[in-house]
Amino acid sequence: MSVVAEQPIIDVEMKSVDNAAEDGEVEQKGSDAATIQDIRENIRQIERGVTTKETRFVTRILRAILTIRKDLNSNVLISVINGFYTHSANEKEFMLSFFDEQMEVDTTAQRMRTVKNSTTPLLPEVDAYIHLLIILYLIDQSKFIGAQKCSDALMEKLSQHSRRTLDIIQARCFFYHMRAYELNNELEKCRPFFHAKLRTATLRNNYEGQAVLINCLLRSYLHDSLYDQADKLISKSVFPETASNNEWARFLYYVGRIKAIRLEYSEAHTNLVQALRKAPQTTAVGFRQAVQKLVVTVELLLGDIPDRLIFREASMKASLQPYFELTQAVRLGNLHTFQEVLNKFSAQFQQDRTFLMIIRLRHNVIKTGVRAIAASYSRITPENIAKQLGLDSAQDAECIIAKAIRDGVIEAIIDPVNGYMQTKESTDIYCTAEPQIAFHERTAFCLELHNQSVKAMRYPPKSYGKDLESAEERREREQQDLELAKEMAEDEDDGFP
């Protein structure tokens, strides 16, 4: 009797599981259909931008590409390929070769392209957009070789066109072309290609392409620690003022890293702070963490102590923990603690590519310790200094003290006869030029901030002030501008992988 009573329960459970699976499939199909419809609408906007030669349509589509990227899968892309590549069986076969599974979706082809255009080639802008979606999907699926192969085919196609309407989307394709090679550890192979494209973009005044290509080349040089070549590129090229904030943030970060390696810490700090200001403030957390790590290191090299609030931010607390302990060691001037932190987090510092700069902090730690000793003792022997600083011998301590006196770190004299260091009475800092120097630095920073804010202001084209459009067209344009502003606020992290 018990077996008979339990059987219907099992059947019900099996049916409920089947129903749940069916509901999941239906929901997935509905989501795929919505994504396909969004891609079709984006392609229509691209075609509209090409027809009207308005770059804002293409810019809006590229800003929304991250939203599409989250919903991409093989079913969506295969349907799009079958629907749009109706003019060439060879191109369709090549595009479908990047997917393991194949779908027999021929009925959707007539739904995505009209009969009139079903046999004509796609617009280069549309073709590049579909290629870009496939590259993003392959990168997300860790199919880096396929992404590189697809990107090479895209670059070959783009080299056959010289349309100005292709400049914006081509610049984005350059970035992911570099990204595909970087993920395959073959970044040096694409440098000649980027140099050739940078010359072309400069001659054609393609400012968006110039910005992306310069950043790609700098990233390639820094990846292989070729700092001299990167510095020469910066000195021989001019970064376009009209570049987007994201490209400016990348460029300033790369320049700051190069200047820090070349011991130009003041310029490095200025560039890195500007990179933080231009980067998205609520998103692109990984980029801001990388910049903030370098900012902390440069500030320590400058002899300053970073603000403690930086290490308490929720998005920065975990990643900056090694740098917080490093800051504590430098602030205390304890050489033993500094060496312990260096040994403990050496792998993290090497991964962040700040290890070589952090090694330079040993001298700063010693200077801080000497300054603290000079403030605490009016007379002290080199043996006691070596013991407190953790140095090997008294001779080393005496040499370090002499250098600190020569550099103006402390005001003291060394008495070789009695064998001690005697500090001088501290003078009033307001009798020196230090307050004036600090005030000048703050004033210069505020003026630079004002100038950058003025440059970042956006104004509508002069043609908008003319009465060349109807009221309905004006309302449509204002609505589109409002949507564009919302997308810019939501997708500020575009292009920060």
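1. **Overall make-up.** The secondary structure of the protein chain comes to 24 helices and three strands. Helices (H or I, at least four residues) and strands (E, at least two) are DSSP runs, numbered from the N terminus. This is a predicted model: local features need pLDDT of at least 70, side-chain atom pairs count only at pLDDT 80 or more, and totals for chains, interfaces and linings use all residues. Residues are numbered from 1 along each chain as its sequence is written, and side-chain values use heavy atoms, with hydrogens and water left out.

2. The protein chain has 497 residues, and 45% of them count as buried. Buried means under 20% relative accessible area, exposed means over 50%, and partly exposed lies in between (1.4 Å probe, protein chains only). Now take the contacts in the chain with a separation of 6 or more: 66% of them join residues 24 or more positions apart. Contact means heavy atoms within 4.5 Å.

3. **Helices α15 and α16.** Two packed helices are described by the angle between their axes and the distance between the axes. Helix α15 covers residues 285-301 and helix α16 covers residues 321-332. They pack at an angle of about 5°, with their axes 11 Å apart. The axes are lines fitted to C-alpha atoms, for helices over the stretch in contact, and angles run from 0 to 180 degrees between N-to-C directions. α15 and α16 are therefore roughly parallel to each other. The cut-offs are these: under 35 degrees is roughly parallel, over 145 roughly antiparallel, 65 to 115 roughly perpendicular, and the rest oblique.

4. **Who meets whom there?** Which residues of α15 meet α16? K293, V296, T297 and L300 do, and they face Y323, L326, T327 and V330 in α16. By class, this contact of α15 with α16 has five nonpolar, two polar and one charged residues. Ala, Val, Leu, Ile, Met, Phe, Trp, Tyr, Cys and Pro count as nonpolar, Asp, Glu, Lys and Arg as charged, and the others, Gly among them, as polar.

5. **Helices α2 and α9.** Helix α2 (residues 55-63) packs with helix α9 (residues 167-183) at an angle of about 30°, and their axes are 9 Å apart. That makes α2 roughly parallel to α9. T55, V58, T59 and L62 of α2 make the contact with I168, I169 and R172 of α9. By class, the contact of α2 with α9 has four nonpolar, two polar and one charged residues.

6. **The two faces of α12.** In helix α12 (residues 227-236), the buried residues are Y227, A230, D231, L233 and I234. Seen down the axis of α12, they fall within an arc of 155°, so they line one face of the helix. The arc is that of the directions from the helix axis to the C-beta atoms. The face of α12 turned away from its buried side carries the exposed residues K232, S235 and K236. What covers the buried residues of α12 includes α10 (191-203), α11 and α13 (245-261).

7. **The buried side of α21.** Where do the buried residues of helix α21 sit around its axis? Helix α21 spans residues 382-389, and its buried residues are P382, I385, A386 and L389. They cover an arc of only 100° around the axis, which puts them on the same side of α21.

8. **R219.** R219 sits in helix α11 (residues 207-223). Is R219 buried or exposed? R219 is buried, with a relative accessible area of 16%. Leaving out residues up to four places away in sequence, R219 touches F175, M178, R179, E182, L187 and Y254.

9. **Aromatic pairs.** The structure holds 13 aromatic pairs. Rings of Phe, Tyr and Trp (its six-membered ring) pair if their centres lie within 6.5 Å; planes under 30 degrees apart count as stacked, over 60 as edge-to-face and the rest as tilted. One of the pairs is F193 with F194: 5.7 Å centre to centre, 55° between the planes, tilted. F193 is partly exposed at 24% relative accessibility, whereas F194 is buried at 0%. Ring pairs link F174, F193 and F194 into a cluster.

10. **Positive phi in loops.** N185 lies in the loop between α9 and α10. Its phi is near 60°, a positive value in a residue other than glycine. N185 is exposed, with a relative accessible area of 58%. L263 lies in the loop between α13 and α14 (265-278). L263 has a positive phi of about 70° although it is not a glycine, and at 54% relative accessibility L263 counts as exposed.
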